[in-house]
Each structure stands twice: as structure tokens, then as C-alpha cells.
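Please find below a note on the fold, arranged as numbered points. It begins with the chain as a whole and then turns to the sheet, the helices and the core.

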Amino acid sequence: MAGKLEQLKLNLEAALGGRIASLTQATGEITVVVNAADYLAAAQALRDDPGLAFAQLMDLCGVDYSAYGDGAWTGARFAATSQLLSIEHNWRVRLRVFAPDDAFPVVETLTGIWNNANWYEREAFDLFGIMFSGHPDLRRILTDYGFIGHPFRKDFPISGHVEMRYDPQQMRVVYQPVSIEPREITPRIIREEQYGDLGKH
């Protein structure tokens, strides 16, 4: 297995060259990080280079690094991470790109390289607010169209901003401020006096 990973590493370095911002190997997996400007070209090379042949996009997700390492993270906040599979060579690689602007995270879409990136990128947009430039149909996929915010961001409140309910007088669904009151979630043990006292039996 180690020999196979070394060969994959060599092939990645040969195909991507200076496009590699970092390449790490841990727990039997290789992660390649590229800059946003090189993202599309790197993805194209990963698919088309015969020494790599990553023909299948297995997954793509957003990541919010704002609380990573207990707040010790100093890099860009948002990243798009893709899991790629080469059936021909029977190996995998993780491709990661960081959005340069934390306030408005944007990276290129991979839909022109792997068609199934469409829904994955819509999910990353919906849950993390990452924009994918050139995406043919970038809109919410899991939350309601009127949903405010992006629920997987680390600074999103647990109870949300608004809630929806059916109003029988208006005969439609309406939005209103969240009515859930914060509650203590620390478990407490309350026992009656003499609980478990076996001396009385």
C-alpha cells in the first residue's frame, strides 16, 4: 500500500507541478491543496492525465475552518473538498481549494469536469454559503427557499434565526422569529433523600 501511495504522489507532482499549494499524506490518504486560480486546471489534469485518471467524483463538500484547531487556524475560512476515485488505477485522492474571500467565498464550479458536482455544489452553497462561479443552477437544495443564512457555518445559531408554521387564519405557511427559549443542557442528577439507602431494609 505504501508503494502505491508513493507512486500516486509522484504522479500527482508530475501532472500538477507548480499548481500544488500543498500535498500531505496521512492515514493512508493523500490530500492535495491548490489555489483558487489553479482549481479548474488542476481538476482537469486529475481527470485527464493517464497517470492519474480520476474519472469519478465521489463527493464534494464545504468546510468551515473558523473554529478549526480550537481557533488556532489562521488560513482562509471556507474550503471546497472533493473526494476523487480512479477506477483504472484503484486509488483515491482528496482535492481541496480555499475560497480567497471569507466574506464572500467563491470558487469555480467543477460541473464541466464531473457532471455530478452539480448537486454537491448546491449542497455546499446551501449549507455553507460557498458560491460556485459558472454553476448552471446554483440554488438551495436542502433548506427552504426563504431560509435565512447557512446552517453549517460555525457561527450559525443552533436554534436558527426564524421558524415557520402554518397559520390557519392566513391559510398559508408563515415565518416568524424563533420562539425557542435557550435552555440549560448540562445534565443534573437529582435524588431524593435516603435514595438507595439499603440500611432500612
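**Note on the fold**

1. Residues 24 or more positions apart account for 50% of the contacts in the protein chain with a separation of 6 or more, a contact being heavy atoms within 4.5 Å. This is a predicted model, in which local features need pLDDT of at least 70 and side-chain atom pairs count only at pLDDT 80 or more, whereas totals for chains, interfaces and linings use all residues. Residues are numbered from 1 along each chain as its sequence is written, and side-chain values use heavy atoms, with hydrogens and water left out.

2. The protein chain has three helices and nine strands; these are DSSP runs numbered from the N terminus, helices being H or I of at least four residues and strands E of at least two. From the N terminus on, the order of elements is α-β-β-α-β-β-β-β-α-β-β-β. Of the 201 residues of the protein chain, 35% count as buried, that is, under 20% relative accessible area, with exposed meaning over 50% and partly exposed in between (1.4 Å probe, protein chains only). The accessible surface of the protein chain is about 12600 Å², and 53% of that area belongs to carbon and sulfur atoms; the areas come from the Shrake-Rupley method with a 1.4 Å probe.

3. An open sheet of mixed pairing is formed by five strands in the order S1-S2-S5-S4-S3, where two strands pair if DSSP finds at least two bridges between them. Strand S1 (20-26) and strand S3 (56-64) are the edge strands, each pairing on one side only. From one strand to the next, the twist averages 20°; axes are lines fitted to C-alpha atoms, for helices over the stretch in contact, and angles run from 0 to 180 degrees between N-to-C directions.

4. S1 and strand S2 (residues 29-34) are antiparallel over six bridges, and Gln25 stands opposite Ile30 in S2. S2 and S5 pair in the parallel sense over four bridges, with Arg94 in S5 as the bridge partner of Thr31. S4 and S5 are antiparallel over eight bridges; here Leu85 has Arg92 in S5 as its bridge partner. The hairpin of S4 and S5 has four residues between the strands, and Asn90 takes a positive phi near 55° in it.

5. How many residues of S5 are buried? Seven of the eight are, so S5 is largely enclosed by the rest of the structure.

6. Helix H1 (residues 2-16) lies across S1, S2 and strand S5 (91-98), and runs at about 175° to S1. Helix H3 (residues 117-128) lies across S3 and strand S4 (78-86), at about 10° to S3.

7. H3 is mostly covered, with nine of its twelve residues buried; among them are Ala124, Phe125, Leu127 and Phe128. The buried residues of H3 pack against S3, S4, strand S6 (106-108) and strand S7 (131-133). Gly129, whose phi is positive and near 80°, follows H3.

8. The largest nonpolar core has 36 residues, and those with the most contacts inside it are Leu12, Val32, Tyr39 and Phe54. Such a core is a set of buried Ala, Val, Leu, Ile, Met, Phe, Trp, Tyr and Cys residues joined through side-chain atoms within 4.5 Å. H1, S2, helix H2 (39-48), S3, S4, S5 and H3 each supply at least two residues of this core. Tyr39 touches residues including Val34, Leu60, Leu95, Val97 and Leu110, not counting residues up to four places away in sequence.
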